Amino acid sequence: MLLGCRKMVGPISRLGLDREDPFATFGGVGSETDHLPLDPEERKLWRADVLVEKDREIARFTAWAQGMVRDASEAVVRRLGDRPAGWQVPLEADDTWLCRHVDAQERPAAATRLRLDQTRELNPGVATSAPRRWVECPDCGTHWRVWVGLRVAKPAVERVVTRDGDPPRRYRRAPVRDVDRIIDAVARELPDVGVVQWWGVWPADDEGLWYFDLPGVRERIQIESSEGACPFLVEHDGMRAGGGWTARTVGEAVRMVVDYLRGRQGRRAE
Ligand SMILES: [Zn+2]
């Protein structure tokens, strides 16, 4: 544990987090114990009788640091766990990447390895500085785009309604985000709803914008959040600029989208 703290001092200070809780704890423990022979390689250089004495000191420091380090570690996990993982997935050395899954009950399920040689050109015949390819995951239906030169893949979150309905899928893409739950809940109320994501040219582009539309309804409503997580900024075609609503929960976003599209649909029928 003490050695672990020592090894984290460098990376934490390079990230500029060395004075920030809970990371500061690891640095503090690391510097209090940097005189101790913790590293197995380093210990080979010490005399056996001195090591016996140092090991007593190590035991005292371990007892002193244990609770603090455990609390700080748990705080780091909570902090990083709350933060969505981002959308980009780097290609591995063998030109593959994993599409991660959960089952219908959101329990972890087998991931599917997708391969670059299964992909097709995204815009055949179109000259672009950012050539992309694409492939659909056979197990969850996710449309992945791949920037071959940058060795990055990125999933699209969309809902395409086909005449024959959606083919049944074994799994859902993981992690399941708020935007996935919103799309699912809206589709339960409005089975014909289509959802299109705004697509950037480069993988680092913020694509956290989704348009919902219904067949035969001209107006659209959009929800916006970089990570696809609440809160969402909600705007529709009838709004003045800057007049967006904020949806703080999945339920609020679903109500705004469904009520707006139903209202437009009703107007058309009048
Ligand atoms: Zn998949």
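Modeller: Let us begin with a pair of strands: S5 (residues 132–136) and S6 (residues 143–147) run antiparallel and are joined by five bridges. Helices (H or I, at least four residues) and strands (E, at least two) are DSSP runs, numbered from the N terminus. Two strands pair if DSSP finds at least two bridges between them.

Biologist: Before we go on, what kind of model is this, and how are residues numbered?

Modeller: This is a predicted model, in which local features need pLDDT of at least 70 and side-chain atom pairs count only at pLDDT 80 or more, while totals for chains, interfaces and linings use all residues. Residues are numbered from 1 along each chain as its sequence is written.

Biologist: Back to the strands, then. Which residue stands opposite His143?

Modeller: Glu136 stands opposite His143, which is in S6.

Biologist: How many bridges hold S4 to S5?

Modeller: Two bridges join S4 to S5, and these strands run antiparallel. Arg120 has Trp134 as its bridge partner in S5.

Biologist: And what about the S1 end?

Modeller: S1 is joined to strand S7 (residues 152–156) by two bridges, again in antiparallel fashion. Pro90 has Val152 of S7 as its bridge partner. Val152 is also the bridge partner of Trp147, and five bridges join S6 to S7. S6 and S7 form a hairpin with four residues between them, and Arg151 in that turn has a positive phi of about 55°.

Biologist: Why does Asp95 count as partly exposed?

Modeller: Asp95 has 14 C-beta neighbours inside 10 Å, so it counts as partly exposed. A residue is buried if 20 or more other C-beta atoms lie within 10 Å of its own, exposed if 12 or fewer, and partly exposed in between, with C-beta atoms placed from the backbone. Glu106 has 11 such neighbours and therefore counts as exposed.

Biologist: You mentioned peptide bonds. Where are the cis ones?

Modeller: One joins Ala174 and Pro175, with omega about -5°. Pro175 is in the loop between strand S8 (172–173) and H5. Another joins Cys230 and Pro231, with omega about 0°. Pro231 is in the loop between strand S11 (221–224) and strand S12 (232–236).

Biologist: Which residues of H5 are buried?

Modeller: They are Asp178, Val179, Ile182, Ile183 and Val186. These residues cover an arc of only 135° around the axis, which puts them on the same side of H5. The arc is that of the directions from the helix axis to the C-beta atoms.

Biologist: What is the span of that helix?

Modeller: H5 (residues 178–189) has 12 residues, which at 1.5 Å a residue should span 16 Å; its end C-alpha atoms are 17 Å apart, which agrees. The expected span is 1.5 Å times one less than the number of residues.

Biologist: Now the whole protein: how many helices and strands, and why is it called spread out?

Modeller: The protein has six helices and 13 strands. Its radius of gyration is 26 Å, well over the 18 Å that the globule rule gives for 270 residues, so the protein is more spread out than a compact globule. That radius is taken over C-alpha atoms, and the globule rule is 2.2 Å times the number of residues to the power 0.38. The C-alpha trace spans about 90 × 40 × 35 Å along its principal axes, and buried residues make up 24% of the 270 residues.
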